Amino acid sequence: MILNRRHFIGTGLATGAVLAAPTVWGQAKPRVVVIGGGAGGATAARYLAKDSDGALNVTLVEANPVYTTCFFSNLHLGGIRAFDSLQHGYDRIGAGVTVVHDLATAVDRAARTVTLRGGQVLAYDRLVLSPGIDFKDGSVPGWTVEHAEVMPHAYKAGPQTQLLKAMVQAMPQGGTFAMIAPPNPYRCPPGPYERISMIAHLLKAGNPTAKILILDPKEKFSKQALFEEAWGKYYDGMVDWISPEFGGGAVEVRPDTMEVVIEGQAQKVDVCNVIPGQIAGKIAALAGVTDDSGWAPVDPATMQARADATVYVLGDSSAQGDMPKSGFSANSQAKVASMTIRGELLGSKVFAAKYSNTCWSLLAPDDAVKVGASYEPTPEKIASVESFISATGEDAALRKATYDESLGWYAGITADMFG
Amino acid sequence: MRRRPLRLLATITLAAAAQSAAAEGIGDAARGADLFKGQCAGCHQIGNGAANRVGPRLTGVFGRRAGRVDGFAYSKAMARMGSDGLTWTLETLDPYVANPRALVSGTRMNYRGLPDATDRADLLAYLRDFSDQPGNIPEAEPTARKTDPDLDPAILAIQGDPDYGAYLSSECATCHQADGSDQGIPSITRWPPQDFVVAMHAYKQKLRPHPVMQMMAGRLSNDEIAALAAYFAMLD
Ligand SMILES: Cc1cc2nc3c(=O)[nH]c(=O)nc-3n(C[C@H](O)[C@H](O)[C@H](O)COP(=O)(O)OP(=O)(O)OC[C@H]3O[C@@H](n4cnc5c(N)ncnc54)[C@H](O)[C@@H]3O)c2cc1C
């Protein structure tokens, strides 16, 4: 075997890792492939490139040419934010990141390659997976992803968001909107309930006698006291939350007849938003890094997959412990992972991991609340070490300031992700 | 409250492989399960479907007001403590289990107390598993003890490291934009370092009321704050 050793000198890279990869001849720069250009993946790609000054070869594989943020998509439903304000392209992501718009269809961990739908094969030294979520089959009886055109999930933002909004706007006066809320764990714990607030806001203006039904398999949800206070204050009598105790749990849906079946009783509804149970984005399972739960367990100090230390799993797809699945969390985890990867491939300094999260929810125009926590790794998991939440009964000025802050966060995180 | 000796990281690890976890879990939940059986199970049940017995069910006790389980007849003393705002957390459960009467003088819980701090930590780790999980309910009570940034020798060892300042600042960039634009969250670039340090300490000491910034500053050591002040001062 003839090998040009010259190229390996000074890269700080383990020669074994290079030898294991097939298309490496004559190439010296370590390669990182990132799958998924969302909150976790776009941040990771940008920080890897930015902080390594061209010493890494960073490829970002993203299926869509434009990313639509789930965060603030509920505000679009409420008529508070334009759809195109949620959309971000990859043209400013910065030099040093090669963006490939294609779907990753396979990962060969032994050969260290990723195969794309277009046939391209990318070799990697480190792989970052941040593919978000997929839906669990059979989670809501009667519903499959094929029914999403009739009963939308709108839990991956984009056309689904627009469809759901159009359906709410087309509801007959006094009609019924039903939400099948998801079981734990799912992305954005307060997300479904912020959505209810925003849909109630939209209906209050154009369809004030409409009814909203939440059918929930959970006994309790994040920021519950804050949401319930707001629903009473702004949307009195409109919102009905049905907990499992009252039949909200085992609900069946009938997309053909637009019915939901609660404790054996079929009820006709006008719009049905089905948010099913969730699992890691499919490519994580195809890569063989998920476990029976459907999520990918990771090392809490680094975000490395427990199944393979050359693969990092970020954001929603990872099972890391106490952090909620959120864009903020994914962004925070991406920074720890990219620092660790640079340390491994380039020998740069590695510091102790720190993570944090804050999630804002809009209850009504200018009335926002937040919940947040900081986290540290223990050997078992990423553990919550401190948390806070907005209080009920806060005054309007504080709630407005909280809303303004959420706008600042949106501007900040999208700049952090996309440049 | 119990403190295990701080893990001494002689040198800050430069290689990811050698990195060690920072925070400590509450305790050993498996050992706690045995302690629960021996010490508490005679009067309390815990878990799905647990019922009130001599004492109230302890499922979901973390984050709950004292004296608030439906259908349990509490002592007047416990009910009053609940109305006064006593909430069960790591910080309040520990002294209660150590000596119930010391925290709630007139409590009807006829239990002498668990004097050993490690036993209590392990027991509380077990109890914690039956309350809200932060992954689902982010505001839920913590599941580990925070490392004290001002006592961690590993952090002191890397003071003044500009790379460290840059890494720390990445956490701020999610909200404070690096280019200094202010769109609802104030700009923090190009401040005189002195002003920056004073502002951060005001959050750390909870003099400034903002909860996000109290939390961000509260986990930073004095040296880390200084490093950040220097780092942000030179951004343009
Ligand atoms: C209604 C709603 C409201 C929300 N509000 C907030 C909020 O206010 N704050 C907050 O912090 N979070 C919020 N979230 C949660 C947040 O959107 C997610 O947690 C976050 O996007 C997760 O980041 P991620 O990188 O794991 O996945 P994503 O951001 O979903 O990114 C995954 C990307 O991977 C791509 N992809 C997947 N598979 C492949 C493949 N095989 N090949 C190529 N590309 C692939 C997808 O196209 C996608 O772009 C909300 C979510 C919802 C649904």
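Let's start at the hairpin of β23(A) and β24(A), where two residues sit between the strands and A:Asp366 takes a positive phi near 65 degrees. Strands here, like helices, are DSSP runs numbered from the N terminus, with at least two residues (E) for a strand and at least four (H or I) for a helix. Please keep in mind that this is a predicted model, where local features need pLDDT of at least 70, side-chain atom pairs count only at pLDDT 80 or more, and totals for chains, interfaces and linings use all residues. Residues are numbered from 1 along each chain as its sequence is written, chains are lettered from A and ligands numbered from 1 in the order in which they are written, and side-chain values use heavy atoms, leaving out hydrogens and water.

How many bridges join β23(A) to β24(A)? There are nine, and the two strands, residues 355-364 and 367-377, run antiparallel. Two strands count as paired if DSSP finds at least two bridges between them. To find your place on screen, look for A:Ser356, whose bridge partner in β24(A) is A:Ser374, and for A:Thr358, which has A:Gly372 as its bridge partner. Strand β23(A) is also mostly covered, with ten of its ten residues buried. Buried means under 20% relative accessible area, exposed means over 50%, and partly exposed is in between, using a 1.4 Å probe and protein chains only.

The order β23-β24-β25 in chain A gives an open sheet of three strands with antiparallel pairing. β23 and β25 (382-389) of chain A stand at the edges with a single partner strand each, so one side of each has no neighbour in the sheet. On average, neighbouring strands of this sheet are turned by 20 degrees against each other, direction ignored. And here chain B joins in: its helix α9 (residues 211-218) packs on the sheet and touches β23, β24 and β25 of chain A, its direction making about 15 degrees with that of β24(A). Contact, by the way, means heavy atoms within 4.5 Å.

Next, a pair of helices in chain A. Two packed helices are described by the angle between their axes and the distance between the axes. Helix α4 (residues 159-169) and helix α5 (residues 191-206) of chain A pack at about 40 degrees, with axes 10 Å apart. The axes are lines fitted to C-alpha atoms, for helices over the stretch in contact, and angles run from 0 to 180 degrees between N-to-C directions. α4(A) and α5(A) are therefore oblique to each other; under 35 degrees would be roughly parallel, over 145 roughly antiparallel, 65 to 115 roughly perpendicular, and the rest is oblique. Which residues make the contact? From α4(A) come A:Leu164, A:Val168 and A:Gln169, and from α5(A) come A:Arg195, A:Ile199, A:Leu202 and A:Leu203.

Last stop, the loops. Most residues other than glycine have a negative phi, and most peptide bonds are trans. In the loop between β11 (176-180) and α5 of chain A we find A:Pro185, and the peptide bond to A:Pro185 from A:Asn184 is cis, with omega near -10 degrees. A:Cys188 is in the loop between β11 and α5 of chain A, and has a positive phi near 60 degrees. Is A:Cys188 buried or partly exposed? A:Cys188 is partly exposed, at 27% relative accessible area. A:Ala154, in the loop between β10 (133-135) and α4 of chain A, has a positive phi near 50 degrees, and counts as buried at 2% relative accessibility.
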